[in-house]
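Have a look at the model first.

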Amino acid sequence: MKVTAVAHTNIALIKYWGKRDEKLILPSNSSLSITLDKFFTETTFEWDDSQKKDVLVLNGVEREDAKVQRYLDVLRSEFGIASRAVIHSENHVPTAAGLASSASAFAALAVAASASLARNDSKMELSRLARLGSGSASRSIFGGLAIWQKGENTDGSDSYAVPFESELTNQLAVVVAIVSDQPKKISSRDGMKQTVQTSPFFGEWTKTAELDLELIKKAFAHSDFTQVGEILEHNAMKMHATTLSANPPFTYFSQESLLVMEAVRKLRADGIEAYFTMDAGPNVKIVCLKQDEEKVASRVEPLVGRVLICHAGEGAKVIQNENGN
Ligand code: DP6
């Protein structure tokens with residue numbers, strides 16, 4: 001059955017950085033994210049017995065993609081089938097911001113591939129399946145805040161995301177400062193691998209990330225935005241410290257990223273609560289309350305040229321199938 005699914009990307013407030021099992025994509029620490037409304041992937045998927053090979057059309061262009069190819073083999077083995085897949089996928093990223101993410105891509109793929117077989121997988125099972133494509137995709141199954149539990153089992157059966165409710169979720173804004181729309185120089189997959197293998201701080205990172213997760217959960221439970229902001233900003237900097245201490249060292253910071261961070265500190269000095277986070281690229285995401293989003297955006301825009309204001313987005317879902325539902 002041909003189905004179309006949509007998934008939004010997410011930004012981690014407590015980062016996933018490092019795997020304990022590369023093949024099964026099992027993380028060294030649990031993480032927490034917010035799914036965003038502005039960036040999403042729409043994927044039309046069909047398992048097709050008449051095809052001799054998998055077909056992937058991305059933004060209208062037929063492509064070979066090793067990550068997707070590997071993932072389809074994983075799904076075939078999970079589902080116990082041999083069929084080939086025909087995939088049409090569109091990344092909806094306003095103004096080509098270069099923020100298309102593997103999170104939305106693999107979450108949409110997992111949901112569509114499962115629905116195409118009418119499997120009725122639970123959200124937690126879909127999250128586990130999405131994880132097998134890209135770790136952060138496990139969190140995009142859910143809207144709002146989600147926690148990817150690292151799990152304890154060696155087969156990954158307990159490593160999936162769960163929703164996390166907070167009254168703060170719908171008060172939050174994420175102002176994305178678009179520093180660059182170029183592809184990242186070191187992918188997150190390679191960057192975290194290099195860090196795990198060579199940074200003397202990696203063990204400390206996983207411990208501190210687990211502690212941060214417990215603290216931020218309490219802060220969200222008390223709707224304490226100041227605490228939430230301080231924890232998320234510190235957590236991002238601790239993650240990036242592991243790249244600077246890798247061998248050879250590397251960094252995702254650019255000059256503009258540092259300028260934006262400085263502007264955010266200045267905003268705070270001026271009484272506007274805003275906190276920054278960064279992933280495996282130079283764009284800076286600023287977390288603030290909706291009431292301050294315009295002030296934050298107008299302060300940062302002159303530094304980078306382009307900003308986008310996002311709010312909490314929805315979880316991944318099927319939007320159409322052949323039965324017209
Ligand atoms: C810095 O999920 O892209 O964005 O599991 O290897 O596909 P793979 O990596 P990916 O890594 C995301 C890393 C991060 C932090 C985060 O999203 O938690």
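Start with Tyr16: a polar atom in its side chain sits 2.6 Å from an oxygen atom of the ligand. Keep in mind that this is a predicted model. Gly135 also reaches a ligand oxygen, this time through a backbone N or O atom, at 2.7 Å. Then there's Asp279, where a side-chain N or O atom is 3.5 Å from an oxygen of the ligand. On its own the ligand would expose 460 Å², and the protein buries 95% of that.

| Residue | Protein atom | Distance to a ligand oxygen |
|---|---|---|
| Tyr16 | polar side-chain atom | 2.6 Å |
| Gly135 | backbone N or O atom | 2.7 Å |
| Asp279 | side-chain N or O atom | 3.5 Å |

Who else is around? The ligand has 18 residues around it, and the ones that come nearest are Tyr16, Lys19, Ser134, Gly135 and Ser136. Sorted by class, the shell holds 7 nonpolar, 5 polar and 6 charged residues. Helix H4 (residues 188–198) supplies the largest share of that shell, with 3 residues.

Where does the ligand lie relative to the domains? Domain 1 (3–167 + 313–321) and domain 2 (169–310) both contribute residues to the shell, so the ligand lies between them.

Now for the second largest pocket, which has a volume of about 220 Å³. It's lined by 13 residues, and Lys184, Lys185, Thr251, Tyr252 and Pro282 are the closest to its centre. By class, that lining splits into 6 nonpolar, 5 polar and 2 charged residues.

Two spots in the backbone are worth a look too. As a rule, most residues other than glycine have a negative phi, and most peptide bonds are trans. Which kind of peptide bond joins Asn247 and Pro248, cis or trans? That bond is cis, with omega at about 0°. You'll find Pro248 in the loop between helix H6 (225–244) and helix H7 (255–269).

The other spot is Asn59, which isn't a glycine but has a positive phi, near 50°. Asn59 sits in the loop between strand S5 (55–58) and strand S6 (61–63).

Conventions. Residues are numbered from 1 along each chain as its sequence is written. This is a predicted model: local features need pLDDT of at least 70, side-chain atom pairs count only at pLDDT 80 or more; totals for chains, interfaces and linings use all residues. Side-chain values use heavy atoms; hydrogens and water are left out. A residue is near a molecule or strand if one of its heavy atoms lies within 4 Å of it. A polar contact is a pair of N or O atoms within 3.5 Å; within protein, one must be able to donate a hydrogen and the other to accept it, and residues adjacent in sequence count only if both atoms are side-chain atoms. Accessible areas come from the Shrake-Rupley method with a 1.4 Å probe; for residues, only the protein chains shown count as cover. Helices (H or I, at least four residues) and strands (E, at least two) are DSSP runs, numbered from the N terminus. Ala, Val, Leu, Ile, Met, Phe, Trp, Tyr, Cys and Pro count as nonpolar, Asp, Glu, Lys and Arg as charged, and the others, Gly among them, as polar. Domain bounds come from an automatic or database domain assignment. On a 1 Å grid over the protein atoms alone, a cavity is a set of points where a 1.4 Å probe fits but cannot get out, and a pocket is an open set with protein on both sides within 12 Å along at least five of seven lines; lining residues have an atom within 4 Å of a point. Grid points are joined across faces, edges and corners, and a volume is the space filled by probe spheres set on the points.
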